[in-house]
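Visitor: Please take one part of this protein and go through it closely. I would like to hear about the pockets and the helices around them.

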Amino acid sequence: MAETANTSAKAPTMKISKTKIWVALIALLLVFYMVVMMQRAVLLLGDSDWVAKLMGAAYLVIPFVAAWALVAEIMFGARTEKMARILEAEGGLPEDKLPRTPGGRIVRAAADAEFEKYKLEAEAAPEDWRSWFRLSCAYDAAGDRKRARKSMRDAIALFKQA
């Protein structure tokens, strides 16, 4: 029997992580919530009472704010993932060699010591998105989520300019 196609060649597959599945489920739940809110807003706007109309107007705003937040968070995640793939291809992702507690949490003292290295790198190259990405990872490992997100936003802004 002659084979007409190379059987070892496989079609590219899309890798879907558990996190992406959870994000999709939560996004669908939020969309459902926004639809219900819009329905309630329309019902309240149709009421003759002015208080109900006022509440309906407020309910009408909530889905738009929720939609904006949903899109902003998904875009944040997508850009972060894109930058991580680039850093991984370049061999520039920080290695996770930090010691952990029996519960799996990173030992704070070790994360703080490692943090200094990435802080100095970001200070030395403030226009390099890669250094801000790594600083964000260091902030996250040290447990400072607020600064981690701020550093990642800075990395995204620099990445867009590059």
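Guide: Start with the second largest pocket, whose lining draws at least two residues from H2 and at least two from H5. Keep in mind that this is a predicted model. The space in this pocket comes to about 170 Å³.

The residues around the second largest pocket are Ala-72, Glu-73, Met-75, Phe-76, Arg-79, Arg-149, Arg-153, Ile-156, Ala-157 and Lys-160.

Glu-73 sits in helix H2 and Arg-149 in helix H5, 76 residues apart, so the pair links distant parts of the chain. The model has 12 salt bridges by the rule applied here.

Next, the two helices themselves. Two packed helices are described by the angle between their axes and the distance between those axes. For H2 and H5, the axes cross at roughly 70° and come within 10 Å. H2 is therefore roughly perpendicular to H5. On the H2 side the contact is made by Glu-73, Phe-76, Arg-79, Thr-80, Lys-82, Met-83 and Ile-86, while H5 brings Arg-149, Met-152, Arg-153, Ala-155, Ile-156, Phe-159 and Lys-160. The contact of H2 with H5 has 7 nonpolar, 1 polar and 6 charged residues.

H2 also packs against H4, at an angle of about 105° and with the axes 11 Å apart. These two helices are therefore roughly perpendicular as well. Here H2 contributes Thr-80, Met-83, Ala-84, Ile-86, Leu-87 and Glu-90, and H4 contributes Trp-129, Arg-130, Phe-133 and Arg-134. By class, the contact of H2 with H4 divides into 6 nonpolar, 1 polar and 3 charged residues.

That leaves the largest pocket, with a volume of about 1,300 Å³. It is lined by 44 residues, and those closest to its centre are Thr-80, Phe-133, Cys-137, Asp-140 and Met-152.

Five helices each give at least two residues to the lining of the largest pocket: H1 (18-45), H2 (50-90), H3 (108-124), H4 (129-141) and H5 (145-161). H2 supplies the largest share, 10 residues. The lining as a whole counts 24 nonpolar, 6 polar and 14 charged residues.

How values were computed:
Residues are numbered from 1 along each chain as its sequence is written. This is a predicted model: local features need pLDDT of at least 70, side-chain atom pairs count only at pLDDT 80 or more; totals for chains, interfaces and linings use all residues. Side-chain values use heavy atoms; hydrogens and water are left out. On a 1 Å grid over the protein atoms alone, a cavity is a set of points where a 1.4 Å probe fits but cannot get out, and a pocket is an open set with protein on both sides within 12 Å along at least five of seven lines; lining residues have an atom within 4 Å of a point. Grid points are joined across faces, edges and corners, and a volume is the space filled by probe spheres set on the points. Helices (H or I, at least four residues) and strands (E, at least two) are DSSP runs, numbered from the N terminus. Ala, Val, Leu, Ile, Met, Phe, Trp, Tyr, Cys and Pro count as nonpolar, Asp, Glu, Lys and Arg as charged, and the others, Gly among them, as polar. Axes are lines fitted to C-alpha atoms, for helices over the stretch in contact, and angles run from 0 to 180 degrees between N-to-C directions. Angles under 35 degrees count as roughly parallel, over 145 as roughly antiparallel, 65 to 115 as roughly perpendicular and the rest as oblique. Contact means heavy atoms within 4.5 Å. A salt bridge is a side-chain nitrogen of Lys or Arg within 4 Å of a carboxyl oxygen of Asp or Glu.
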